[in-house]
2 protein chains.
Amino acid sequence: MTIPLSELDIINVILKGKIGRLGCIDNDEPYVVPINYLLDGRSILSHSLPGKKIYAMRANPRVCLQVDQIHDNYRWRSAIAFGRFVEIERPAERRAVIAKLLSRFPQLTPVESAIVHDAAAPDSVVFRIEVERLTGVEEE
Amino acid sequence: MTIPLSELDIINVILKGKIGRLGCIDNDEPYVVPINYLLDGRSILSHSLPGKKIYAMRANPRVCLQVDQIHDNYRWRSAIAFGRFVEIERPAERRAVIAKLLSRFPQLTPVESAIVHDAAAPDSVVFRIEVERLTGVEEE
C-alpha cells in the first residue's frame, strides 16, 4: 500500500540521491533516461553532451526527475520533481554549476574539466531544472 | 562516452530487470514511476492499483519503460522500450498475466491473490505495453 511522503521526506530522497530518471517529451512520446544530478535549493543541476534528451528538452521544456530509494520490491520511496528545463549558457554560471557537480561527482571527464578551466569549452550542455512541484510516495 | 547497445543486449537488460521506470504523459507533462514488470515476448506485463499513472495511460497510451543496470556513476547500461499501453480486461487473460507476474514476484498482495482465484476481483488494473521500438546505450 502506498502512502504520500511529506515534503521533507521528498526533499530528502532527492537530496540524497545521485542518479535520477529524467522524464521528458520527445515528439509527443515520453522519454526517460538516467542522469546524475544535484539538488541545489529549488534547482536540480545537471549536464550532458548534446543528444536526444537535450534536443527534446529544448523543444519542450516541461520535464520531471524521478528519484527512488528501493529497498526491495515491496519497500521503496519514490519522489518526483516537476519543473522546467533551463539551459545555462553564461560562462561564469556554467563554470559554477560544473564545479558544484564535480564536487559531488569527482571523476572528471575531459569535457567537464575543460569547462571549469576554460569557459569556451563548447560541447557539454549545462542545465538546471527549475522545480515547481514535488510529489512522492512510499510503500512499506 | 556512451555507445549504442545491440538489440540483443537491450533485450537482456530488460529481461533481467525487475524494476523499470515507466514514462507516460499526464496532461502534457512527463510522469515517471518505478514499476515491477516482466518481459514476455514483445509485451511488457505489469499491474497497478488505479491511480495517476493508470489514468494518464488511459488518456494517452504512448508510454516507455526505461530499465538500467548501474554499476556506478560511470559504468552503466540503459535500455528503453517504447510502446503502447493496453489494458487487459478479459478475466482469463487477467488471471494468466497475474499468474506470470506472481511467479516472478512471489509476494502476494490480497488483491492479486484474489484475482488469481476469482476473476471478479475488480481493483487491480492489469496491463501490457506492446513494445514497438527498443533503444539502449552503455557507458563504460
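Modeller: I begin with burial, where buried means under 20% relative accessible area, exposed means over 50%, and partly exposed lies in between, with a 1.4 Å probe and protein chains only. This is a predicted model, in which local features need pLDDT of at least 70, side-chain atom pairs count only at pLDDT 80 or more, and totals for chains, interfaces and linings use all residues. Residues are numbered from 1 along each chain as its sequence is written, chains are lettered from A and ligands numbered from 1 in the order in which they are written, and side-chain values use heavy atoms, with hydrogens and water left out.

Colleague: How many salt bridges does the structure hold over all chains?
Modeller: Side chains of opposite charge can pair when their charged atoms come close. A salt bridge is a side-chain nitrogen of Lys or Arg within 4 Å of a carboxyl oxygen of Asp or Glu, and the structure holds 26 of them over all chains. In one of these, A:Asp40 pairs with A:Lys100, with the closest N and O atoms 2.9 Å apart. Because A:Asp40 lies in strand 4 (residues 38–40) of chain A and A:Lys100 in helix 3 (residues 91–104) of chain A, the pair ties together parts that are 60 residues apart in sequence; helices (H or I, at least four residues) and strands (E, at least two) are DSSP runs, numbered from the N terminus.

Colleague: Which residue meets A:Glu138 in a salt bridge?
Modeller: The partner is A:Arg77, at 3.1 Å from N to O, and the pair links strand 8 (residues 125–139) with strand 7 (residues 75–88) of chain A, the two residues being 61 apart. Here A:Glu138 is buried at 13%, whereas A:Arg77 is partly exposed at 23%.
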